[in-house]
Amino acid sequence: AEIAVIGLGYIGLPTAIMFANAGFKVVGYEIREDVVKKVNSGTSHIIEPEIEDMLRKAIENGNLRATSDKKEIAGKDVYIICVQTPLKEDKTPDLSYLENAVRTTAESMKKGSLVIIESTVPPMTTLRMAKLIEDITGFKAGEDFYMVHAPERVMPRRIFKELVYNSRILGGINEESAELAELLYRTFVKGQIFKTNSTTSEMVKLMENTFRDVNIALANEFAFLAHQYGIDVFEAIELANTHPRVKIHMPGIGVGGHCLPKDSYLLLSSAKEDFGLIKKAREINEDMPLFAKDLLIDALKTINLPVEEAIVVVLGLAYKGYSDDTRNSPALKFIEEIKDIVMEVRTYDPYVKGTHENLEDALKGADAVVIATDHPEFKTLDWQALGRLMRNKILIDGRHVVKNPPKGFVFKGIGRGEY
Ligand code: SAJ
């Protein structure tokens with residue numbers, strides 16, 4: 001079978017590479033011409049372990065080619081759509097990338113083609129897209145063409161392992177569609193494959209990420225309560241998690257990345273009504289940078305330094321540790337919240353370009369440090385030495401990075417109630 005992959009991003013490129021190396025003829029369709037050029041020359045535009053070798057192999061054996069030319073994806077047996085589904089300004093789903101990809105597919109496909117959507121989408125979207133294809137092509141869904149939602153479930157840095165070993169959900173618009181997709185993915189997937197209908201698989205993907213978002217919100221509420229009762233929430237969580245059926249998540253300055261902050265909105269977007277829990281959880285997580293801001297203001301009060309005179313250093317810009325990704329990063333939201341009320345905000349992140357390239361320079365003459373990302377480098381800092389560079393010694397820990405408050409500092413941490 002010949003395959004077209006629409007969208008060569010974080011998911012599309014690795015997926016195209018996997019199928020090419022499994023022996024299929026794959027054409028990757030991508031509108032960004034610089035990406036097409038790079039891929040065809042065997043270099044990846046995304047950073048991911050193993051990707052350079054795997055890509056070179058796929059290009060060298062002649063099975064993978066990238067293009068911006070629609071003519072080159074005409075008449076393929078399989079179309080795999082891997083485009084982003086972000087939110088609009090008003091938090092409703094922006095399905096324009098998906099709809100464009102589906103239109104391109106409809107204009108290119110032939111009778112008998114299998115169309116797969118790997119993008120995360122609101123429930124019932126695959127059925128709507130099948131209808132769109134029917135309208136454009138005049139084909140009948142489930143008879144003249146097949147359609148499946150096959151959500152990606154991989155984690156950056158582990159993509160090539162997880163593509164092979166994770167279990168997969170294949171949601172067909174009918175049974176035959178799911179069975180065809182199973183034959184296809186079986187060529188490289190070693191994990192389990194579960195078949196269901198497309199609306200169920202759309203829900204499954206969104207439920208997975210909503211589960212995490214709601215659980216993190218619960219942990220954040222516990223952290224908030226811990227301040228009122230004067231306990232350390234991390235000690236409490238560790239103890240609670242010794243129960244065999246309890247697994248509380250980690251509280252912190254917020255939930256970032258390109259998935260968790262948006263997927264619960266996608267889940268709710270097509271529903272007429274809901275109970276409110278998921279929305280409330282989102283609200284809690286979105287407000288966590290404000291909690292960190294309150295801790296900072298409290299600390300400044302403790303040392304009698306007017307907020308507008310404070311020089312604040314934010315450690316970490318990425319949305320999570322080890323990462324250079326700043327999409328929806330709570331660190332950025334925190335900076336947005338304080339930048340107009342303090343005198344100066346400096347930033348330092350070993351993986352992302354901040355205002356300062358070097359931690360010591362950033363700390364010189366500063367009044368407060370706020371840790372916004374759990375980078376491993378931040379866990380072993382010598383606070384006594386760093387404190388000597390500062391004008392005032394305030395340390396706010398938004399990610400439970402500093403286990404023992406350093407002597408001589410005014411220390412406050414999210415979840416670290418004072419006793
Ligand atoms: N976070 C907390 N507390 C926690 C766990 C995470 O505050 O207990 C924060 C992190 O700091 C980060 C955010 O939540 O800001 C999200 O981090 P993450 O590691 O939970 O998730 P992502 O966005 O890096 O990747 C997820 C993965 N999903 C799961 O682990 C369930 C990945 O498998 C998915 O494929 C990906 O989202 C996706 O595409 O949806």
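How many residues of domain 1 are in contact with how many residues of domain 2? In this predicted model, 14 residues of domain 1 are in contact with 13 residues of domain 2. The legends below take you through some close-up views.

**View 1**
The protein chain splits into domain 1, covering 2-198, and domain 2, covering 207-419. Taken over C-alpha atoms, the centres of the two domains are separated by 36 Å. Between domain 1 and domain 2, about 1,100 Å² is buried, and carbon and sulfur atoms give 59% of that area. If you look at the domain 1 side, Leu-87, Lys-91 and Pro-123 lose the most area to domain 2, together 32% of what that side buries.

**View 1. An open sheet of eight strands.**
Follow the strands in the order β3-β2-β1-β4-β5-β6-β7-β8, and you have an open sheet with mixed pairing. At its edges are β3 (64-67) and β8 (193-197), each of which pairs on one side only. On average, neighbouring strands of this sheet are turned by 25° against each other, direction ignored. Strands β6 (residues 146-149) and β7 (residues 168-172) pair in the antiparallel sense over two bridges. For a landmark here, find His-149, whose bridge partner in β7 is Gly-171. Helix α4 (residues 96-108) packs on the sheet, where it touches β1, β2 (25-29), β4 and β5. The direction of α4 makes about 170° with that of β4. Helix α8 also packs on the sheet, touching β6, β7 and β8, and its direction makes about 120° with that of β8.

**View 2. Strand β4 and its two partners.**
Here we zoom in on β4 (residues 78-81), from which Val-78 and Ile-80 point one way and Tyr-79 and Ile-81 the other way. In a regular strand, side chains alternate between the two faces of the sheet. All four of these β4 residues, Val-78, Tyr-79, Ile-80 and Ile-81, are buried. Strand β1 (residues 2-6) runs parallel to β4 and is joined to it by four bridges; within this pair, Ile-3 has Val-78 as its bridge partner. Another four bridges join β4 to β5 (residues 114-117), again in parallel, and there Ile-81 has Ile-117 as its bridge partner.

**View 3. The largest nonpolar core, around Leu-64.**
This core has 43 residues, and Leu-64 and Tyr-185 are those with the most contacts inside it. Helix α1 (residues 12-21) gives the most to the core, with six residues. Beyond its neighbours within four places in sequence, Leu-64 is in contact with Ala-16, Ile-17, Ala-20, Val-26, Gly-28, Val-39, Leu-55, Ala-58 and Ile-59. Apart from this core lies another, of 35 residues, including Ala-226, Leu-300, Ile-394 and Ile-414.

**View 4. The five-stranded parallel sheet.**
Five strands in the order β10-β9-β11-β12-β13 form this open sheet, and their pairing is parallel. Each of the edge strands, β10 (344-348) and β13 (410-413), has a single partner strand, so one side of each is left without a neighbour in the sheet. Neighbouring strands of this sheet are turned by 15° against each other on average, direction ignored. Val-314 has Val-370 as its bridge partner in β11.

The buried residues of α10 are Leu-260, Pro-261, Lys-262, Asp-263, Ser-264, Tyr-265, Leu-266, Leu-267 and Leu-268. Among the elements that cover them are α8 (198-229) and α11 (277-302).

You will find Phe-234 in helix α9 (residues 233-240). Is this residue buried or exposed? Phe-234 has a relative accessible area of 7%, and because buried means under 20%, Phe-234 counts as buried. Leaving aside neighbours within four places in sequence, Phe-234 is in contact with Met-250, Pro-251, His-400, Ile-414, Gly-415 and Arg-416. Phe-234 and Met-250 are 16 residues apart in sequence, and their C-alpha atoms are 8.1 Å apart in space.

Note on methods:
Residues are numbered from 1 along each chain as its sequence is written. This is a predicted model: local features need pLDDT of at least 70, side-chain atom pairs count only at pLDDT 80 or more; totals for chains, interfaces and linings use all residues. Side-chain values use heavy atoms; hydrogens and water are left out. Two strands pair if DSSP finds at least two bridges between them. Axes are lines fitted to C-alpha atoms, for helices over the stretch in contact, and angles run from 0 to 180 degrees between N-to-C directions. A nonpolar core is a set of buried Ala, Val, Leu, Ile, Met, Phe, Trp, Tyr and Cys residues joined through side-chain atoms within 4.5 Å. Buried means under 20% relative accessible area, exposed over 50%, partly exposed in between (1.4 Å probe, protein chains only). Contact means heavy atoms within 4.5 Å. Domain bounds come from an automatic or database domain assignment. Buried area is the accessible area (1.4 Å probe) that two parts lose on being put together, summed over both.
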